[in-house]
Amino acid sequence: MTTYYSEDHEWITVEGDTATVGITAHAAEQLGDIVFIEQKEEGDEFESGDEIGVIESVKAASEIYAPVDGEIIESNELLESNPAALNDNPEADAWIYKIKLTDPAQLEGLMNLAGYKTFIA
Amino acid sequence: MSRTPKRTPLYDLHCALGGKMVDFAGWEMPVQYPMGIMGEHTHCRTKAALFDVSHMGQVLLHGPDAALKLEALVPAALTQLPEGKARYTFFTNSEGGIMDDLIVANAGDHLFVVVNASMRAQDIPHMAASLDGIDVTEIFDCALIAVQGPSAAAVVSAHCPQAAEMGFMETLEAPIDGTICRLSRLGYTGEDGYEISIPEADADRIARLMLEHPDCEPAGLGARDSLRLEAGLCLYGNDITPTTSPIEAGLTWAIQKRRRTDGGFPGAARILAELADGPARKLVGIKPQGRAPARAGVEVHDMVGNALGKITSGGFGPSVAGPVAMGYVSSEHAAAGTKIQLIIRGKPQPAEVCALPFVTQNYKR
């Protein structure tokens, strides 16, 4: 299992041709208190860079951008009732989507943890 | 505008407290501290919060008949304002719109006026040009802090016993830790509290003194906005503008009886006509039925898709524990309980017109 990071502050953990996507702790901290998330539905297809949801904090609305091409397999239902979980545990329980990867080669364009840490430093 | 934002006398304190600084109306101000907007908001509603509002314009009006002369610019009855009392009002334009809202206090031998940060550059020349024979003096060497919340009286009176005895909208000068300050028992959060004008050299020390109280925590602009929205208080530039009248905005209460009869302020023709006949649109509270916040600019439709108006302020209300908003709708849709739709990211979301404020105001009575 390998985790990659995007410049839009998402993490993506890959197992075979499926993956889990969420926002990084750094992103959650920048957003502040999160009060709502609008998620795509199972079966929705998207390309890298597409808007695949919106996170609303007390401050503002922020789009979630797809880090790769794929299809939504599952949206995390926990976040509908408890969006604040995105502040508490964004890199574990508060994952946003399970997705099917269209083109795993795209992962090569993302950062590893060390690269992301440098990116946000 | 690429100028360097100005700093208030409390800038170093904000940094020491971990404030996240942003440029607001040309000032470098804390939007939040490590506690976060939600926590700061709740702290203000349950205990006490200290806000730096030094970016607002503090102005002294000296000269004969200052109150009478200022009445030519605002629809409040100021000649009847007793010494030691303050009143909320607004500058109106010739079309009956609002140019800014402000607080006017009768300080005895002068009037003490506080205007919005973003409108200092308009309001002060406006007063200087219009108030014949009055010295209009902008104060640049005083900070302004707001201590707000149910514990505010305890926090402030610990260092200024006179504060405990003040009534709502009363103002006086009194020493705090040896420094003469002007205290006014008012604010813009819906809670009891004070705004305190402090000489800049003493502001950092006095603010830290207030923060030593176990009930008092610093709060930033983010909490200030969610607090005033829940309290149903208008934000200039959003809810009230040069094209919205005070009657449309639900500010009729701030136009005292004599001014409603006699007029004599800019835009009186429109304002008094709307008072008599009712306005075509009204500012109302709006409660989205779902969880998605509806922010400024969101379109308001009736249940069959006709446009009614727009949200002017909206977000998440921490004390309401859900989204809250204000906006203008045509008067026939302004009754509390009216079902409406909000067009959020292209999709209609159900909402309801509701009475303001969203939370009970807890002013000192």
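Visitor: Which domains does the assignment give for chain B?
Guide: The assignment divides chain B into domain 1 (1-228) and domain 2 (252-354), with bounds that come from an automatic or database domain assignment. This is a predicted model, in which local features need pLDDT of at least 70, side-chain atom pairs count only at pLDDT 80 or more, and totals for chains, interfaces and linings use all residues. Residues are numbered from 1 along each chain as its sequence is written, while chains are lettered from A and ligands numbered from 1 in the order in which they are written.

Visitor: How far apart are the C-alpha centres of those two domains?
Guide: The C-alpha centres of domain 1 and domain 2 of chain B lie 27 Å apart.

Visitor: And how many residues are in contact between them?
Guide: On the side of domain 1 of chain B there are 20 residues in contact with 16 residues of domain 2 of chain B, where a contact means that two C-beta atoms, placed from the backbone, lie within 7 Å.

Visitor: Which element gives the most to the domain 1 side?
Guide: That is α2(B), which gives four residues to the side of domain 1 of chain B that touches domain 2 of chain B; helices (H or I, at least four residues) and strands (E, at least two) are DSSP runs, numbered from the N terminus.

Visitor: New topic: what about chain A, how many residues of chain B are in contact with it?
Guide: In chain B, 13 residues are in contact with ten residues of chain A. The elements of chain B that give two or more residues to this side are α2 (37-46), α8 (221-230) and β16 (307-317).

Visitor: Zooming out, how many helices and strands does chain B have?
Guide: Chain B has ten helices and 19 strands. Its radius of gyration, taken over C-alpha atoms, is 20 Å, close to the 21 Å that the globule rule (2.2 Å times the number of residues to the power 0.38) gives for 365 residues, so chain B is as compact as a globular protein of that length.

Visitor: Is B:K287 buried or exposed?
Guide: B:K287 counts as buried because it has 20 C-beta neighbours inside 10 Å; the cut-offs are 20 or more other C-beta atoms within 10 Å for buried, 12 or fewer for exposed, and partly exposed in between, with C-beta atoms placed from the backbone.

Visitor: Where is it, and what does B:K287 touch?
Guide: B:K287 is in strand β14 (residues 281-288) of chain B, and, not counting residues up to four places away in sequence, B:K287 touches B:V324, B:A351, B:E352 and B:C354.
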